[in-house]
Amino acid sequence: MSSEQKQISDPLLGPADPPPFRFIDRRSSSRRLVVADHAGNAVPGSLQGLGLDRDVFRQHIAVDIGSRALAARLAELLGSSLLLANYSRLVVDLNRHLDDPTAFIPESDGIAIPGNQNLGAADKRRRADAIHHPYHKAIDNLIDDFMKQGSLPVIISMHSFTPVLEDVARPWHIGVLWDKDPRIAHPLLARLRQNPELLVGDNEPYSGRHPSDYTVDYHGEGRGVANVSIEVRQDLLGDNGGIGRWGALLAEALTDILADESLYRYLESE
């Protein structure tokens, strides 16, 4: 069953603006949750496009290109619930702690963001209250619901990455990001590396150990919930064929891993 989060009563968002996220609920048949923090490129009308040309919001600095369709396809194949962010990371980055200076980034990959220059505390709070808090509260509530039923979900955080960043090529086809909880990451790395055509990054091109990786740090490691972040290179997700191939590849790799009942319990400390 698919539903849209009700419009938040906040002056930042007007009647024509989308809700903070889209949620597809499959809790009745699955304990899995796929999330995509950077799946959207919307901007509240009241922010007047942050002073940028609309074309910028089709670029990697504004949205994880292809991540929305890939997350939706993977969730469908796995029978997982799905939470998709609707707003651009340039409005507020959902995968950052609000104290992180990149949560309201003033410049990205050499492009200045006029609407993010010299933001005051009230402006940041307004964006956080309308977008950041509802998104993360929804994940918290889902985990709470499963706990009341005597289980935990697993969290799969989907992202995509640009092939070149700041003139540095990034050769990996896919990256598996993790930190303190290897329960999904280790077997997933092993399965993906069985394919000789794939260059698989272990905490590449980003590291799950970096403190800016907020979503899985807070909801996963912070609550003992099994988690993994997956990054797929954006040039591999440029059409429906690419989305379909990567969705099927990831679903095949994850299906047996997610059948392990130990994943749906708290991580036991060593």
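Leucine 50 sits in the loop between β3 (32-36) and α1; helices here are DSSP runs of H or I with at least four residues, strands are runs of E with at least two, and both are numbered from the N terminus. Leucine 50 is not a glycine, yet its phi is positive, about 55°. Its relative accessibility is 1%, so leucine 50 counts as buried; buried means under 20% relative accessible area, exposed means over 50%, and partly exposed is in between, with a 1.4 Å probe and protein chains only.

A word on the source. This is a predicted model, in which local features need pLDDT of at least 70 and side-chain atom pairs count only at pLDDT 80 or more, while totals for chains, interfaces and linings use all residues. Residues are numbered from 1 along each chain as its sequence is written, and side-chain values use heavy atoms, with hydrogens and water left out.

Aspartate 167 is exposed, because its relative accessible area is 77%.

Staying with the backbone, glutamate 204 and proline 205 are joined by a cis peptide bond, with omega about 0°. Proline 205 belongs to the loop between β11 (200-202) and α4.

Now to α4 itself, residues 214-220, which holds histidine 219. With a relative accessible area of 0%, histidine 219 is buried. What does the side chain of histidine 219 make a polar contact with? The partner is the side chain of aspartate 140, at 3.4 Å. A polar contact is a pair of N or O atoms within 3.5 Å; within protein, one must be able to donate a hydrogen and the other to accept it, and residues adjacent in sequence count only if both atoms are side-chain atoms. Setting aside residues up to four places away in sequence, histidine 219 touches His136, Ile139, Asp140, Ile143, Ile155 and Val225, where contact means heavy atoms within 4.5 Å.

Next, valine 228, in strand β12 (residues 227-233). Valine 228 is buried because its relative accessibility is 0%. Beyond its neighbours within four places in sequence, valine 228 has contacts that include Ile155, Val176, Leu177 and Val216. Aspartate 181 is 47 residues from valine 228 in sequence, and 8.1 Å from it in space, C-alpha to C-alpha.

Aspartate 239 is partly exposed, at 46% relative accessible area. Between aspartate 239 and glycine 66 there are 8.3 Å in space, C-alpha to C-alpha, and a separation of 173 residues in sequence.

Last, the helix packing. Helix α1 (residues 67-78) packs on α5 at an angle of about 40°, with the axes 9 Å apart. Axes are lines fitted to C-alpha atoms, for helices over the stretch in contact, and angles run from 0 to 180 degrees between N-to-C directions. The α1 and α5 pair is therefore oblique: under 35 degrees is roughly parallel, over 145 roughly antiparallel, 65 to 115 roughly perpendicular, and the rest oblique. Among the residues that meet are Leu70, Leu74 and Leu77 in α1 and Trp246, Leu250 and Leu254 in α5.

Helix α3 (residues 185-192) packs against α5 (residues 240-258) at about 130°, with axes 10 Å apart. This pair is therefore also oblique. On the α3 side the contact residues are Pro187, Leu188, Arg191 and Leu192, and α5 contributes Leu249, Ala253, Leu254, Asp256 and Ile257.
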